[in-house]
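Subject: Structure for your review

Dear colleague,

Please find below the structure that I promised to hand over. My findings follow it.

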Amino acid sequence: MSGHLRRVNAEPRWLRALLLGVGLGFLFFFLALPLLAVFVEAFAAGWTAYAGALNDPETRSAIGLTLFVALFVLPFNIVFGVAAAWAIAKFDFRGKSLLITLIDLPFAVSPVVVGLVFLLIFGAQGLFGPWLSAHDIKVVFALPGIIIVTLFITSPFVARELIPLMQSQGKEEEEAALSLGAGAWQMFRRVTLPNIKWGLLYGVILANARAMGEFGAVSVVSGHIRGETNTLPLHVEILYNEYNAVGAFASASVLALLALVTLLAKTIVEWRMRRENSMLSADLPAEKT
Amino acid sequence: MSIEIRAIGKRFGNFVALEDINLHIPTGELVALLGPSGCGKTTLLRIIAGMETADVGQVLFAGEETAHVHARDRKVGFVFQHYALFRHMSVFENVAFGLRVKARKVRPAEAEIHSRVMALLKLVQLDWLADRYPSQLSGGQRQRIALARALAVEPRVLLLDEPFGALDTQVRKELRRWLRRLHDEMQISSVFVTHDQEEALEVADRVVVMKQGRIEQIGSPDEVYSSPATPFVYQFLGNVNVFHSRVHGAWAEVAAERREDVPESAVTAFVRPHDIEIEHHPLTGGLEATVQEVHAIGPWVRVELAHASELIEVELTRERATILALAKGQQVWLKPRQIRVFAAPGKTMEEGGSGI
């Protein structure tokens with residue numbers, strides 16, 4: 001016998017090594033290294049400097065604002081996403097494809113344009129500007145503006161996640177519930193919601209990650225008022241432009257940590273989804289009579 | 001409870017799903033809606049259930065108009081082709097669902113729910129599966145659970161949409177008999193949709209044959225099989241040989257002779273494969289044919305014969321085939337036992353039979 005048996009469908013060794021190398025190299029240089037750099041830079045001046053940078057009132061205010069905005073838009077995203085997915089997956093109506101396209105709009109439009117659009121609508125020279133200032137309501141360069149653009153940017157995530165899921169599940173279970181006498185709310189709570197809960201959570205996590213990380217659109221409408229309308233991503237940029245490397249990277253490390261937590265949550269949800277799916281579709285053919 | 005369907009019509013865009021459907025189903029009857037896919041049978045079932053609304057016409061339950069009765073208030077048990085069990089609930093919870101969603105005033109106590117669900121599970125002989133999830137059941141078991149679930153709310157009407165369509169032949173046969181027994185015990189009106197003629201003929205009290213949104217024939221299984229009203233019904237219920245008089249003069253003429261008002265060429269004769277006798281000797285009024293293929297299929301022997309370049313199918317019993325000892329290329333004569341003639345296309349003319 002000479003040499004090893006080779007699987008007939010295996011590619012040559014050099015090709016496998018090359019592809020693997022390219023993949024891992026990319027992963028290292030573009031994902032692992034930057035993440036590492038953030039933490040290295042943040043701790044460059046030691047623990048105390050890091051803690052001090054995070055303890056800065058403006059930084060703390062930026063972290064608070066970012067978390068507040070993310071939490072605030074969450075229920076809206078859930079309601080809109082479930083309602084839109086429900087309508088699209090379970091009903092046929094005129095203009096359905098138009099609605100699907102509209103839901104994708106925030107993905108397609110550049111965030112800066114989104115910011116400008118809302119500036120044009122709510123700004124001082126904008127559509128509702130005079131009316132708003134006459135009633136002393138501040139939207140642009142204030143919290144409401146940040147929330148509105150964040151809502152716009154994050155609105156597709158939940159719906160996008162749920163539409164294919166609900167379409168694949170069909171509407172027979174709902175119809176069965178209906179024929180058994182369930183009311184609309186009972187049908188939703190007892191049948192629809194349990195079937196989509198993991199997909200919903202997944203969409204919420206993605207929307208949340210985007211809400212915390214959004215820069216462009218928020219940057220246009222926020223006004224960068226320190227300690228007031230400065231979100232964490234904006235704060236990082238300001239600090240960096242002021243050559244406050246430790247401050248900038250410390251803030252960035254918080255963002256990165258939030259991202260890692262999100263990733264972890266996403267992985268857990270994905271794992272649960274897979275497990276539940278395999279459990280609920282495993283076949284036990286035994287027919288005992 | 002009786003169901004009365006009056007002049008129901010339904011369109012989807014330009015597609016006519018149902019047109020002028022009239023049907024009366026008395027209490028306790030088991031009716032099959034039979035037809036090819038796209039004939040509107042499922043749409044009709046869904047209209048009865050209230051899951052679809054008709055464009056025109058009425059559905060009456062026990063003489064009462066149902067137009068304003070919501071699907072959830074119709075007291076209709078609906079069984080889906082793909083079971084539609086709640087996948088995240090155990091078998092027990094699936095069956096209990098209809099009881100749990102009742103308004104608090106009429107909802108049974110937990111102990112009663114338990115005893116009723118277990119009684120239903122016993123009825124479908126699956127009480128040992130109460131804690132399983134739907135995905136852990138076989139197709140036949142799932143459909144039985146779906147039925148138990150539908151029966152839990154004590155429906156006045158049971159509607160089944162291709163209930164056995166997704167099951168193996170063996171399980172299907174067993175469930176058919178079982179459904180028939182269950183229906184007889186329950187004393188409710190049942191309607192089931194199927195495209196399987198054997199299933200419809202075996203299970204139903206009455207068969208409604210549908211085609212392209214219209215009813216072709218309503219009758220007992222024996223009626224629709226042995227005296228089909230239209231060529232479509234003839235062809236849909238079992239195999240059939242079609243003879244056009246121009247080609248197969250000898251047979252079609254026999255039947256057409258008695259109808260002088262119809263030109264011979266406008267006549268089509270239908271003969272079932274098992275209604276044709278094969279002889280080795282020339283027969284008066286017999287067709288001469290050549291044996292092409294002989295297949296033994298279970299209890300039957302199917303013989304394919306060629307007559308004037310057209311194919312004729314004949315089914316013989318094994319005994320008869322043994323006596324005949326047919327061989328490929330052999331010259332034989334065919335004689336119909338039962339022949340039915342339609343003016344082409346459509347209308348019934350006359351039935352002609354000639355015994356052998």
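Predicted model: local features only at pLDDT ≥ 70, side-chain atom pairs only at ≥ 80, totals over all residues.

I begin with a strand pair in chain B. Strand S4 (residues 56-61) of chain B and S5(B) pair in the antiparallel sense over two bridges. Helices (H or I, at least four residues) and strands (E, at least two) are DSSP runs, numbered from the N terminus, and two strands pair if DSSP finds at least two bridges between them. Phe61(B) has Glu64(B) of S5(B) as its bridge partner. Both strands belong to an open sheet of four strands in chain B, ordered S2-S1-S4-S5 with antiparallel pairing. Its edge strands, each pairing on one side only, are S2 (15-25) and S5 (64-65) of chain B.

Residues are numbered from 1 along each chain as its sequence is written, and chains are lettered from A and ligands numbered from 1 in the order in which they are written.

Chain B as a whole has 10 helices and 19 strands. Of its 356 residues, 41% are buried; a residue is buried if 20 or more other C-beta atoms lie within 10 Å of its own, exposed if 12 or fewer, and partly exposed in between, with C-beta atoms placed from the backbone. The UniProt record, an unreviewed entry, carries the annotation "domain: ABC transporter" over residues 3-237 of chain B; such annotations may be inferred rather than shown by experiment, and their positions are given in the numbering used here, with feature names shortened. That span is 36% helix and 26% strand, and its end C-alpha atoms lie 26 Å apart.

Ile278(B) has Leu334(B) in S17(B) as its bridge partner. Ile276(B) and Ile278(B) form the covered face of S13(B), whereas Glu277(B) and Glu279(B) form the uncovered one. In a regular strand the side chains alternate between the two faces of the sheet.

In chain A, helix H5 (residues 111-122) has 12 residues, which at 1.5 Å a residue should span 16 Å; the end C-alpha atoms are 16 Å apart, which agrees. The expected span is 1.5 Å times one less than the number of residues. Val114(A), Gly115(A), Phe118(A), Leu119(A) and Phe122(A) are the buried residues of H5(A). Seen down the helix axis, they fall within an arc of 140 degrees, so they line one face of H5(A); the arc is that of the directions from the axis to the C-beta atoms. They pack against helices H6 (129-134), H7 (143-154) and H11 (216-222) of chain A.

Two further residues of chain A deserve mention. Arg160(A), in helix H8 (residues 156-169), is partly exposed, with 19 other C-beta atoms within 10 Å. Phe107(A), in helix H4 (residues 96-108), is exposed, with 11 other C-beta atoms within 10 Å.

Finally, the contact between the chains takes 23 residues from chain A and 26 residues from chain B, where two residues are in contact if their C-beta atoms, placed from the backbone, lie within 7 Å. On the side of chain A, H9(A) gives the most, with seven residues.

Yours sincerely
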